[in-house]
Amino acid sequence: MTTTPAPRTGGSDVRLVVASSVFGTTVEWYDFFLYGTAAGIVFNKLYFPGDDPLVGTVLAFATFALGFLARPVGGFIFGHLGDRLGRKRILVATMLIMGTATCLIGLLPDYRLIGPAAPVILVVLRLAQGVAVGGEWGGAVLMATEYAPAGKRGLYGSFPQIGLAIGLTLGTGVLALLNAVTTEAAFLAWGWRIGFLLSAVLVVVGLIVRVRIMETPAFRTMAAEEGTATVPALQLVRDRLSRRHLLLGMGSRLTEGVAFNAWAVFVISYGSGTLKLDRQPLLVGVMIAAAVMVVFIPVFGRVSDRFGRRRTFATGAVTTLVLAIPALAALHSGNAVLITLSLVAVLGISYPVMYGPQAAFYAELFPISRRCTGISVVYQLSGVVASGLTPLILAYLAGRTGTTGVVIYLVATTVVSVVCALAIRQRDLFDDDVRIRQRAAAAPRTT
């Protein structure tokens, strides 16, 4: 019996894949966070006008939350396609959907011009954004991890994760810059639209890069030897180990999603609203922390290659919880320097201990034939609670109990995540490096 040799890839191929993954996820998260920033300062006035400004703001943020609800749908759809057709094809599709939706938002007439159709169309476009970002993550991280050289899957899988930090920085920074260089009337009339239309340029560049990359060696080999799965989601549910990994993966992700949204989203609304702090230092602190995060995500991705994904991830969960206590104290002090330093520590340095190895950690939970579906479900379905509902939950707890309830919630989610992460057995992971070595050993020798 002959064995199909693993497709060879050169250094230039790997570099192009890494560049594509980083740039692609940056564009996706830029568009996603750009909407979140605009929701509270633009959309509440232009698309949800009314006598009560609070109602407009709540409605605008409700459309923001819809993006999180749409992400699991995108994860299911594009996870299935990624396992059936390959990782590359879905990445081109998700970028086109996200870029088109974002540009159309920038061109959408407001309520004064087209009436109730304006918020309805805005909701549809936001749902399209959610579907696109839900499908993007799984394909992007698998392009990186399945191209990674032996022993460096954690490092290479961390590169597309950088897009989250860069996208957060750009999404808030672009609108802040446009707001600073235009009058308030000009910003509301046309200034904010530039940030959304800029996505067209980014998408064109991203597509040029993505159409040049090859499908991952792991997927090509699997498709040639075994064929692709007919219904990957059904196989996930039927397989006992896959079911176990789905549940444990979603449980482990809980504290990661909570931590990000606590320190990148909730801290701004809580600090400026409840504590009556100036919003500008909070925004600057989050942006600086995001910039630091760019550096430390690959650092801890590489650390996981040496010390293991489970151990690194669990360590990050615990350290992020420990640092949350002084970070909350710094927030209540109102001191801008202390707030910035605490955000850098908890969001910029400690959070990447979880987020850096996460892509490789979840990729190893599933076999190649149903991996894209598996990691997309783990990441996106858990994100509804871990990410989408966290600001609302923390705001409710803070209003009822102050920081006590917030700390209790952080402790509870951390315990769940650490237990789930450590419950994933090393022997149950799907290590492609081992699989390749076993295939090579089984191949007939030629002389």
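In this predicted model, helix 11 meets helix 17 through Arg-244, Leu-248, Gly-251, Ser-252, Arg-253, Leu-254, Thr-255, Val-258 and Tyr-270 on the helix 11 side. The helix 17 side of that contact consists of Thr-403, Tyr-409, Leu-410, Thr-413, Thr-414, Val-416, Ser-417, Cys-420, Ala-421 and Ala-423.

**Helix 11 and helix 17**

- Helix 17 spans residues 403-423, and its axis lies 8 Å from that of helix 11, at a packing angle of about 150 degrees.
- An angle over 145 degrees counts as roughly antiparallel, and helix 11 and helix 17 are therefore roughly antiparallel to each other.
- The crossing of helix 11 and helix 17 is left-handed.
- Ala-412 belongs to helix 17 and is partly exposed, with a relative accessibility of 40%.
- Between Ala-412 and Thr-255 there are 157 residues of separation along the chain, while their C-alpha atoms are separated by 8.8 Å.

**Helix 11 and helix 14**

- Helix 14 (residues 336-363) packs on helix 11 at an angle of about 150 degrees, with the two axes 11 Å apart.
- Helix 11 and helix 14 are therefore roughly antiparallel to each other, and they cross in a left-handed manner.
- From helix 11, the residues in this contact are Gly-249, Ser-252, Arg-253, Thr-255, Glu-256, Ala-259, Phe-260, Trp-263, Ala-264 and Val-267.
- Their counterparts in helix 14 are Leu-343, Val-346, Leu-347, Tyr-351, Met-354, Tyr-355, Gln-358, Phe-361 and Tyr-362.

**Helix 16 and helix 17**

- Helix 16 (residues 390-401) and helix 17 have axes that come within 6 Å and cross at roughly 140 degrees.
- Angles over 145 degrees count as roughly antiparallel; at roughly 140 degrees, helix 16 and helix 17 are therefore oblique to each other.
- Ile-393, Leu-394, Leu-397, Ala-398 and Thr-401 of helix 16 make the contact with Thr-403, Thr-404, Gly-405, Val-406 and Tyr-409 of helix 17.

**Nonpolar cores**

- The largest nonpolar core holds 91 residues.
- Phe-260, Trp-263, Leu-347, Tyr-351 and Tyr-362 have the most contacts inside this core.
- Beyond its neighbours within four places in sequence, Tyr-362 contacts Trp-137, Gly-249, Ser-252, Arg-253, Phe-313, Ile-375 and Val-378.
- A second, separate core has 22 residues, among them Val-42, Val-174, Leu-175 and Leu-178.

- Gln-129, in helix 5 (residues 117-145), is buried, with a relative accessible area of 0%.
- The Gln-129 side chain makes a polar contact of 2.8 Å with the side chain of Arg-126.
- Residues up to four places away in sequence aside, Gln-129 touches Asp-31, Phe-32, Tyr-35, Met-98, Ala-101, Thr-102 and Ile-105.
- Met-98 is part of helix 3 (residues 87-107) and is buried, at 1% relative accessibility.
- Not counting residues up to four places away in sequence, Met-98 touches Glu-28, Asp-31, Phe-32, Gln-129, Ala-132 and Val-133.
- Met-98 and Gly-173 lie 75 residues apart in sequence, with a C-alpha to C-alpha distance of 19 Å.
- Ser-21 sits in helix 1 (residues 11-46) and counts as buried, at 2% relative accessibility.
- With residues up to four places away in sequence left out, Ser-21 touches Ala-140, Met-143, Ala-144, Pro-160 and Arg-210.
- In helix 9 (residues 217-225), the buried residues are Pro-217, Ala-218, Phe-219, Thr-221 and Met-222.

**Positive phi values**

- Most residues other than glycine have a negative phi.
- Lys-276, a residue other than glycine, has a positive phi, near 60 degrees.
- Lys-276 lies in the loop between helix 11 and helix 12 (279-307) and is exposed, at 68% relative accessibility.
- Gly-227, which follows helix 9, also has a positive phi, near 85 degrees.

Terms used. Residues numbered from 1 in each chain as written. Predicted model: local features only at pLDDT ≥ 70, side-chain atom pairs only at ≥ 80, totals over all residues. Heavy atoms only, no water. Core = buried A, V, L, I, M, F, W, Y, C linked by side-chain atoms within 4.5 Å. Buried < 20%, exposed > 50% of the residue type's maximum accessible area, 1.4 Å probe, protein only. Contact = heavy atoms within 4.5 Å. Helix = DSSP H or I, 4+ residues; strand = E, 2+ residues; numbered from the N terminus. Polar contact = N/O pair within 3.5 Å; in protein donor to acceptor, adjacent residues only side chain to side chain. Axes fitted to C-alpha atoms, helices over the stretch in contact; angles between N-to-C directions. Parallel < 35°, antiparallel > 145°, perpendicular 65-115°, else oblique. Left-handed = near helix turned anticlockwise from the far one by under 90°.
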